[in-house]
Amino acid sequence: MRDTFVMSASMKKSRTVLRIIVALVIDIGATIIAVLVTLIPGLRDTVNDQSGSHLLLACVAALFICGTATLSVYGGVRVAAHYLDKGPQSMLGLKPTAKGCIWFLSMIIVATLVLAVSTIILKLCGVHGTPVQERSETWWVAIMFSFASGFLMQGIPEEIVWRGWFIPSLGNTKIAVALSVVVFALLHLLSNGGQENVAERFIYLLPSIGFAFAAAMARLASGSTWAAIGVHGGYHLSSLLLFFMSIEESPQKWVLVGSLWLLIGVTINWRYKVLEKLA
């Protein structure tokens with residue numbers, strides 16, 4: 001009986017490791033594919049040429065490049081769900097529903113409020129960091145580029161992988177939630193967000209940990225991956241506040257934003273008893 005238990009634990013560990021590897025391959029692979037697409041002759045120049053008559057074409061090119069990441073991930077998780085999980089595609093939580101739409105829009109609003117509130121608090125406290133470069137585009141161009149980068153390149157593909165597929169693939173357990181947050185956040189050690197030393201590289205992970213936890217709670221509470229996409233995409237789209245207020249990057253900001261997102265995740269969990277329902 002003990003041998004059976006050990007074998008079962010070993011199989012579960014192997015199953016978990018396999019899914020972490022698959023999730024990383026799909027996630028990172030989609031980014032690589034998008035980068036390779038930019039090598040198409042003239043495409044990168046089209047994106048960079050944002051002179052008056054070429055603005056719309058630049059937006060279309062950006063949407064095309066970033067859209068390849070979303071399409072690559074969608075194809076990858078469908079294959080993973082079919083061959084690894086032997087489950088229906090509905091497990092991905094991507095079917096549009098009224099409830100999912102409400103959560104999606106609500107989380108975008110919450111994300112905007114988080115950035116606005118944190119910026120105001122830091123300014124009132126006299127905390128200064130590195131100013132985020134103001135956008136020079138017109139408002140509709142800024143929205144198009146923010147949507148391309150924030151949703152098609154990051155929010156949609158990354159949430160489909162880590163909250164849409166990874167959590168249900170591991171059985172919707174607390175361990176699955178924890179791994180979807182931690183592994184995803186650790187990927188941001190490679191990000192360049194203004195960190196100046198090793199300590200700041202780890203502090204920089206706090207917003208990712210915070211909104212990833214909130215995204216997981218929203219996904220499980222709503223039953224829709226679109227809720228998680230609203231959190232993640234909204235986190236990036238909220239940068240449009242640059243049109244109305246100056247935003248600065250600093251370790252204090254990362255701590256505050258991460259804490260607010262954790263609070264939102266805890267609130268969702270408290271309201272919908274998410275973790276209590278998990279194994």
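The legends below describe an overall view and several close-up views of this predicted model.

The model is predicted, so that local features need pLDDT of at least 70 and side-chain atom pairs count only at pLDDT 80 or more, while totals for chains, interfaces and linings use all residues. Residues are numbered from 1 along each chain as its sequence is written, and side-chain values use heavy atoms, with hydrogens and water left out.

**Figure 1. Overall view of the protein, with its 10 helices and 2 strands.** Helices (H or I, at least four residues) and strands (E, at least two) are DSSP runs numbered from the N terminus. Read from the N terminus, the elements follow the order α-α-α-α-β-α-α-α-α-α-β-α. The radius of gyration is 20 Å, close to the 19 Å that the globule rule gives for 279 residues, so the protein is as compact as a globular protein of that length; this radius is taken over C-alpha atoms, and the rule is 2.2 Å times the number of residues to the power 0.38. Along the principal axes, the C-alpha atoms fill a box of roughly 70 × 50 × 40 Å. Of the contacts (heavy atoms within 4.5 Å) between residues at least 6 apart in sequence, 80% join residues at least 24 apart.

**Figure 2. Surface and charges of the protein.** The accessible surface comes to about 14400 Å², and 69% of this area belongs to carbon and sulfur atoms; accessible areas come from the Shrake-Rupley method with a 1.4 Å probe, and for residues only the protein chains shown count as cover. Of the 279 residues, 47% count as buried, where buried means under 20% relative accessible area, exposed over 50%, and partly exposed in between (1.4 Å probe, protein chains only). The 20 positive and 14 negative charges have mean positions 16 Å apart. Lys and Arg count as positive and Asp and Glu as negative, without His and the chain ends, and each charge is placed at NZ of Lys, CZ of Arg, CG of Asp or CD of Glu.

**Figure 3. The largest nonpolar core, with 71 residues.** A nonpolar core is a set of buried Ala, Val, Leu, Ile, Met, Phe, Trp, Tyr and Cys residues joined through side-chain atoms within 4.5 Å. Val-77, Trp-165, Val-231, Trp-261 and Ile-268 have the most contacts inside the largest core, to which helix H5 (residues 139–169) gives the most, with 14 residues. Apart from this core lies another, of 6 residues, among them Ala-116, Leu-241, Met-245 and Ile-247. Leaving aside residues up to four places away in sequence, Val-231 touches Met-107, Ala-111, Phe-211, Ala-214, Ala-215, Ala-218 and Trp-261. In soluble globular proteins, nonpolar side chains tend to be buried together.

**Figure 4. Leu-205 in helix H8 (residues 205–222).** Leu-205 is buried, because its relative accessible area is 4%. The C-alpha atoms of Leu-205 and Ala-185 are separated by 5.9 Å, although the two residues are 20 apart along the chain. With residues up to four places away in sequence not counted, Leu-205 touches Ala-185, Leu-186, His-188 and Leu-189.

**Figure 5. Phe-147 in helix H5.** With a relative accessible area of 36%, Phe-147 is partly exposed. Beyond residues up to four places away in sequence, Phe-147 touches Leu-63, Leu-152 and Leu-237. Phe-147 and Val-127, 20 residues apart in sequence, are 29 Å apart in space, C-alpha to C-alpha.

**Figure 6. Val-117 in helix H4 (residues 98–124).** Val-117 is partly exposed, with a relative accessible area of 38%.

**Figure 7. Lys-86 in the loop between helix H3 (55–85) and H4.** Although Lys-86 is not a glycine, its phi is positive, at about 55°. Lys-86 counts as exposed, because its relative accessibility is 64%.

**Figure 8. Lys-273 and Leu-275 in the segment after helix H10 (251–272).** Lys-273, a residue other than glycine, has a positive phi near 50° and counts as partly exposed at 36% relative accessibility. Leu-275 is likewise partly exposed, with a relative accessible area of 24%. Leu-275 touches Lys-174, Met-217 and Asn-269, not counting residues up to four places away in sequence. From C-alpha to C-alpha, Leu-275 and Thr-173 are 8.3 Å apart in space, with a separation of 102 residues in sequence.
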